[in-house]
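Let's read a protein model together, one feature at a time. Have the viewer open and follow along.

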Amino acid sequence: MAHGAHTTSGPQTARSFWRSPFGVAVTVLAVLASIYLYLPHQDHGNALLPYLVVATCPLMHVFMHRGHGHGHGHHQEAGDDQQSRRVQGEPESRQG
């Protein structure tokens, strides 16, 4: 084996799409197309920005309240049920 030969003992990693020549070309074309479309339409596009900000408020409300555990129609866990009985003054049932 020659001293200049390079061998890898591990598995070869997949090359990222964005670092491939085709991915770079797609990115450059997307940036150029965005600039080309923005320049002639910037006057009426900028007039819509306040409406875009107002439209994001309900969307943020919908998407950011996911997973807060509000319990809309969900069953309580056994520990939650026992805690509510203690608060209400009811005796705990012993399981055994």
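Q: Which residues does Phe 17 touch, not counting residues up to four places away in sequence?

A: Contact means heavy atoms within 4.5 Å. Here Phe 17 touches Phe 22, Gly 23 and Val 26, with residues up to four places away in sequence not counted. A word on the source: this is a predicted model, where local features need pLDDT of at least 70, side-chain atom pairs count only at pLDDT 80 or more, and totals for chains, interfaces and linings use all residues. Residues are numbered from 1 along each chain as its sequence is written, and side-chain values use heavy atoms, with hydrogens and water left out.

Q: Where does Phe 17 lie relative to helix H1?

A: Helices (H or I, at least four residues) and strands (E, at least two) are DSSP runs, numbered from the N terminus. Phe 17 lies in the segment before helix H1 (21–47).

Q: What is the secondary structure of the protein?

A: The protein has three helices and zero strands, in the pattern α-α-α along the sequence.

Q: How do the axes of H1 and H2 cross?

A: Axes are lines fitted to C-alpha atoms, for helices over the stretch in contact, and angles run from 0 to 180 degrees between N-to-C directions. The axes of H1 and helix H2 (residues 49–64) come within 4 Å and cross at roughly 50°. H1 is therefore oblique to H2; angles under 35 degrees count as roughly parallel, over 145 as roughly antiparallel, 65 to 115 as roughly perpendicular and the rest as oblique.

Q: Which residues in H1 meet H2?

A: Gly 45, Asn 46 and Ala 47 in H1 meet Leu 49, Pro 50 and Tyr 51 in H2.
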